[in-house]
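Welcome, and please take a moment to look over the molecule below. We will begin with a contact and then widen the view.

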Amino acid sequence: MKVHHLAMLAVVCLQALAAPARAGEIEVLHWWISGGEARAAQALKASMQAKGHTWKDFVVAGGGGDSAITVLKSRVLSGNAPAAAQIKGPSLQAWASTGVLASINDVAKAEHWDELLPKVVSEQMKFKGDYIAVPVNVHRVNWLWLNPAVFARTGAKPPSNWDEFFIAAETLKKAGVIALAHGGQTWQDLTLFETVALGVGGPEFYRKALVQLNPAELSGATMEAVLSTFKRIKPYTDKNSPGRDWNLATAMVIKGEAGMQFMGDWAKGEFLAAGSLPGKGFICTPAPGSAKAFIYVIDSFAMFKLKNPANTVAQKDLASAVMSPEFQEVFNLNKGSIPVRMGQKMDKFDDCAKASALDFTAAAKSAALLPSVANGMAVSSAVEGAIKEVVSQFWNSDRMTPAEAMQKMVSAAKAR
Ligand code: BGC
């Protein structure tokens, strides 16, 4: 046999070994279409294709995923669920309790997920003791992104507390720059609001008011201060902000049209995808007053019950791939988040990610690790939706007082 025949034979044998018992199709619902998000999603697609499976994108555009979840509901109701869907937080339990999710305990047991995941994460991925979802990453929400060239040009100083923030914003505004790039969509309004709530009220207030929905905290003096600070930010945004997508707001900072943006670190994926480097093209700094605290978002894929056995094989391969160290690294380098798998090497990650990893562990120890309300991690989707409405109404109205907003917030907390 000639040498190249031998080589061919070796390739064929290797392919046979690499190919799964049955190649299946894996349809995945997500909303990752911006620059950094798409690069991260591509890594997932590639890892499934490498196992011989067919990847089918089920993409519903819309930051924060509200539209995606609405479309998912109708697909599931009509008996046509995808294999996996980007579902997070308490919604995982809500979906599991309707009986549509599949257990992936066999994969989780074989791969020792209980030992590889922080408890706060593994608990959320399980329903009645069974894993029904696989976690992808850890995002941090309470970041402020800024363009250092714009700061240098205007003489503004990077802020670490709210007084400094308003001084910087004023300096930028006076220099004719849009101080804060903001996208006026309800989930972004609430993302900004929860960041202010943490920075002004502190972790304990955040937990009592926004996670435990304590009526006294939702309508007390601290909440009033939070609402006033939140509203004070509005004049530093531009008149075109209503309806703007979050990644377009990030692009304004990248291009130097705006000085700052408050956003979770999926924004870092945008900077990186645009070739902007940490410390040079952009700076990440914890949002004012929140350096020691951490508002988290854990993206995860819930697994749906499937009829076709080959597709079930593909689904389990997806779960296994997502938890692999290789995938955790390449995906999170692109997405802006950090690996959710513990003990992962961080040497390829930038300083923002390294800080995030240290702060995550420290915050967990000091009760300052808090779930994001705006991004589906803290309360039921009904309450989240109702709070979003109130916060956006307050942001957009010239007349609503903090007292009225607080009254509405107390009712929103009772939404079913
Ligand atoms: C998700 C991120 C996503 C962002 C913008 C958040 O709720 O957790 O994965 O990048 O929304 O769409």
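In the side chain of W32, an N or O atom is 3.0 Å from an oxygen atom of the ligand; a polar contact here is a pair of N or O atoms within 3.5 Å. The protein covers 100% of the 310 Å² of accessible area that the ligand has on its own (by the Shrake-Rupley method with a 1.4 Å probe).

Before going on, a word on the background: this is a predicted model, where local features need pLDDT of at least 70 and side-chain atom pairs count only at pLDDT 80 or more, while totals for chains, interfaces and linings use all residues. Residues are numbered from 1 along each chain as its sequence is written, and side-chain values use heavy atoms, leaving out hydrogens and water.

Of the 15 residues around it, E37, K88, D299, K335 and N375 come nearest, a residue being near if one of its heavy atoms lies within 4 Å. This shell divides into 6 nonpolar, 5 polar and 4 charged residues, with Gly counted among the polar ones and Trp among the nonpolar.

Where does the ligand lie? Domain 1 (3-137 + 298-348) and domain 2 (140-296 + 355-412) both give residues to the shell, so the ligand lies between them. These bounds come from an automatic or database domain assignment.

Key: A polar contact is a pair of N or O atoms within 3.5 Å; within protein, one must be able to donate a hydrogen and the other to accept it, and residues adjacent in sequence count only if both atoms are side-chain atoms.
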